[in-house]
Structure formats: structure tokens, C-alpha cells
Amino acid sequence: MAALITLADYKVYKKITKTDSDGELNAIIASVSNLVKTYCGHSFIDYYSTPKVETFNIKASQHAILLNEWPVRTVSLVQYRDAYNEAYQTLAPEEYYVDSDIDTLFIHSGYWAEGFGAVKVTYTAGYETAPDDVQIAALDLVQHYYKEEYKERKSLGSASIDTGLSKTGTSKWPAHVVRVLDLYRNG
């Protein structure tokens with residue numbers, strides 16, 4: 001999976017010119033990128049040009065499927081099967097409709113076939129590069145982990161400082177990062 005930001009992005013953002021921490025920063029950037037994608041429930045950039053194949057379990061009387069990656073760019077293949085042990089059949093493009101405003105796939109007549117793995121969709125979605133606000137949130141999270149700002153108490157010489165993180169609820173991330181990422185969260 002591709003990183004949401006690069007080492008060069010972080011070094012420009014924090015005005016760093018030295019290279020002695022590049023290995024550690026690259027590892028943190030990779031981890032933060034995966035953490036943000038997991039928290040938000042989609043990848044942002046991984047399926048922009050590489051198709052994603054997603055299989056859906058369908059409940060009774062369901063005519064809409066909300067795709068997990070967004071914004072939807074193209075839907076190249078929609079398949080269904082009436083029973084779990086049957087082969088998938090392909091729907092013609094005129095048999096379904098993609099509403100790209102809400103990233104939802106609708107069947108034109110009736111309902112989707114019911115069952116586990118009943119519908120399989122191949123599509124591209126996401127952004128060529130992560131949105132600017134997501135990039136800044138990722139940059140701030142890299143800083144958060146690199147400087148160990150996630151700790152509730154920090155030592156400064158002979159003094160100990162309470163960072164206040166234990167008072168921010170369940171998240172130990174900076175509040176401004178959580179606010180941004182919540183805008184992009186699935187479900």
C-alpha cells in the first residue's frame with residue numbers, strides 16, 4: 001500500500017535538512033499511512049488507477065451497495081451469483097447504475113441476489129494524491145509519534161510534564177487530527 005506522504009514532504013513541513021533520522025521517519029510514515037487508512041476505512045490513493053475487487057454479502061431486499069473506496073472513478077465489472085456454490089454471472093452496464101455523488105451502486109430492477117459473497121464489483125476509486133487536509137493530518141501524526149507526544153507524561157530534565165493526553169477522551173491523537181480524519185471515515 002502506498003504511503004499518504006513522503007519523507008521529503010515531512011522534511012519540508014518540519015524544515016529538516018539532516019538525514020540521520022531518515023530510516024526511522026520512513027518507518028513511521030509507512031505506519032502512520034496504514035494507521036490513517038485503517039482508521040478511515042478506505043485507502044485514499046491505492047485504487048486510483050489499480051482496480052479494486054470487492055465482494056459484498058447481500059441481505060434480503062437490498063437494491064443499493066455502498067462501495068468502500070471513494071470517490072468512485074469507474075466501475076468496470078459487476079458480477080452476481082444466486083447461490084454460494086454457483087459461478088458469478090456478469091451484469092451488463094445498463095442493468096446497474098453508479099451514483100458517484102454518494103458512491104453507491106444500484107441495480108435497475110428488483111434487488112441484488114442474496115447471500116454471502118453474492119455480488120462482486122471491480123472498480124477504481126480514490127484520489128491521485130491524498131487530499132491536502134489528510135496529508136497535513138498524516139504529517140502531524142508522524143510528528144506525534146516521532147517526538148513521542150503520545151506519552152501521558154514527559155521528562156524535561158529533572159521535571160515531569162503532564163501532556164494532558166489522558167484527559168482527551170479515548171483518543172491519544174491530537175484533536176485537530178481526529179477532526180480531519182473523522183471527515184473521511186467510512187461507517
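## Surroundings of His42

Apart from residues within four places of it in sequence, His42 is in contact with Lys37, Asn68, Glu69, Trp70, Tyr184 and Asn186. This description rests on a predicted model, in which His42 is placed in the loop between α2 (22–40) and β1 (52–58). The relative accessible area of His42 is 3%, and because buried means under 20% relative accessible area, His42 is counted as buried.

Tyr184, which is one of the residues in contact with His42, also takes part in a polar approach to that side chain: a polar atom of the His42 side chain lies 2.9 Å from the backbone oxygen of Tyr184.

Strands of a sheet pair through backbone hydrogen bonds, in either a parallel or an antiparallel manner. Here, four strands form an open sheet in the order β1-β7-β3-β4, and their pairing is antiparallel. The edges are taken by β1 and β4 (89–90), each of which has a single partner strand, so that one side of each is left without a neighbour in the sheet.

Strand β7 (residues 115–125) is joined to β1 by six bridges, the two strands running antiparallel. Within this pairing, Val53 has Thr122 of β7 as its bridge partner, while the bridge partner of Phe56 in β7 is Val119. On the other flank of β7 in the strand order β1-β7-β3-β4, seven bridges connect β7 to strand β3 (residues 72–80), again in an antiparallel arrangement. There, Leu77 stands opposite Thr122 in β7, and Thr122 is also the bridge partner of Val53. Eight of the eleven residues of β7 are buried, so the strand is described as mostly covered.

At the β4 edge of the sheet, β3 and β4 run antiparallel and are joined by two bridges. In this pairing, Gln79 is found opposite Thr90 in β4.

## The three-stranded sheet

A further open sheet consists of three strands in the order β2-β6-β5, and its pairing is likewise antiparallel. Its edge strands are β2 (64–66) and β5 (96–99); since each has a single partner strand, one side of each is left without a neighbour in the sheet. On average, and with direction ignored, neighbouring strands of this sheet are turned by 20° against each other.

The pairing between β5 and strand β6 (residues 104–107) is antiparallel and is made through four bridges. Within this pairing, the bridge partner of Tyr97 in β6 is Phe106.

## Packing of α3 and α4

Two packed helices are described by the angle between their axes and by the distance between those axes. For helix α3 (residues 132–146) and helix α4 (residues 175–182), the angle is about 145° and the axes are 9 Å apart. The crossing in which α3 passes α4 is left-handed.

On the α3 side, the contact is made by Asp133, Val134, Ala137, Asp140 and Leu141, and on the α4 side by His176, Val177, Val180 and Leu181. Sorted by class, this contact of α3 with α4 comprises six nonpolar residues, one polar residue and two charged residues.

How values were computed. Residues numbered from 1 in each chain as written. Predicted model: local features only at pLDDT ≥ 70, side-chain atom pairs only at ≥ 80, totals over all residues. Heavy atoms only, no water. Axes fitted to C-alpha atoms, helices over the stretch in contact; angles between N-to-C directions. Left-handed = near helix turned anticlockwise from the far one by under 90°. Contact = heavy atoms within 4.5 Å. Nonpolar A, V, L, I, M, F, W, Y, C, P; charged D, E, K, R; others polar. Buried < 20%, exposed > 50% of the residue type's maximum accessible area, 1.4 Å probe, protein only. Polar contact = N/O pair within 3.5 Å; in protein donor to acceptor, adjacent residues only side chain to side chain. Pairing = 2+ DSSP bridges.
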